[in-house]
Amino acid sequence: DRVLAGVLLLAASPVFAATRQTSWPTRQSLAHAAREWTLSAPMDSPVPWLASALVLIGCVAAARRPRLRWLVLAHAAAGAAFVLVAGSDGPVARALSGPWYDDPFRFAALLGVTAVPLAAIGLEWSATAGLRAVRRFAPGVRALPPQAAIGSLTMVVALLTGGMYAGANSRVVATWYQGQSLAGHAELALLERLPQLVPAGERIAGNPWNGSPLASPLGNRAAVFPHLSGAGDPARALLASSLNRAADLPAVCGAISRLDVGYVIEGPIAFWKGDHRQAGYPGLEVEGHPGFEPVDGGGRLTLYRVTACSGAGAGWT
């Protein structure tokens, strides 16, 4: 019953509507995605050859132990989900991946959940197999105890892989997130000054893609739009489309009053430029519009005080 309720929640709840409507086009074939999962190198990341071999050995070793077969099945199931989402835009793939933005990167992250324990099992099997070979072919040689052999092999693997591919992992992260930042040093300084600029109890509106949601954790002031996407109420929808018309559209002042909006953070977007969802907030471009007074700035962000609706904000009189 709980599983069914969870499936229905993901499939029908408006909370997940934005995620279900997002679709990333496939960039590879099903065969290519399957090869990536098999080699523990999803999304064109460098192949960790030694770790990949240990995972495959771990799959065989775990499959031979009844208590561990579930782990092999879980690895296969996660791999099937990744392959389907990464290599297909069909209805089955969309139904499966909708709650996760149809994003193969999110499914690729499942690799670590199963591959790490499988690699550990593969390392243990390799160490014990090595001990058996020593005892069989060189009975006069004193072999290490099993625990010492496993520990020694672990150190060898760590040395051969440069700390389990730490350098390669950092390069992958730097490649995918190069130049992708919600806020730089100047913007962060402005956000951290918010307690001195914005009275307590007043909320800050801003296009969530320009870094304004960081007003909450960094400036202790609530953001009207705290997430990059998601369903909003009618008042927020009106502000997103028409806040800059507060001086001549009375309904906007009503929304401002209901949400206790006293300030706006405006500035160009530097994170994932071109994402179609960024265009959903034209009303938050307030520069040059009557009823908005610049207060402070930092980098590409400017803080404006809403003056178009006297008494609308929480701290106004």
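Arg 65 is partly exposed, with a relative accessible area of 30%. Here buried means under 20% relative accessible area, exposed over 50%, and partly exposed in between (1.4 Å probe, protein chains only). This is a predicted model: local features need pLDDT of at least 70, side-chain atom pairs count only at pLDDT 80 or more, and totals for chains, interfaces and linings use all residues. Residues are numbered from 1 along each chain as its sequence is written, and side-chain values use heavy atoms, with hydrogens and water left out.

Arg 65 has a partner. Its side chain meets that of Glu 124 in a salt bridge (3.1 Å, N to O). A salt bridge is a side-chain nitrogen of Lys or Arg within 4 Å of a carboxyl oxygen of Asp or Glu. Arg 65 sits in the loop between H4 and H5, Glu 124 in helix H8, 59 residues apart. Helices (H or I, at least four residues) and strands (E, at least two) are DSSP runs, numbered from the N terminus. Glu 124 is partly exposed too, at 28%.

The structure holds seven salt bridges. Another one joins Glu 187 and Arg 300, with the closest N and O atoms 3.9 Å apart. Glu 187 lies in helix H11 and Arg 300 in the loop between E3 and E4, so the pair ties together parts 113 residues apart in sequence. Glu 187 is buried, at 8%. Arg 300 is buried as well, at 19%.

Now look at H11 itself. Glu 187, Leu 190 and Leu 191 are buried there.
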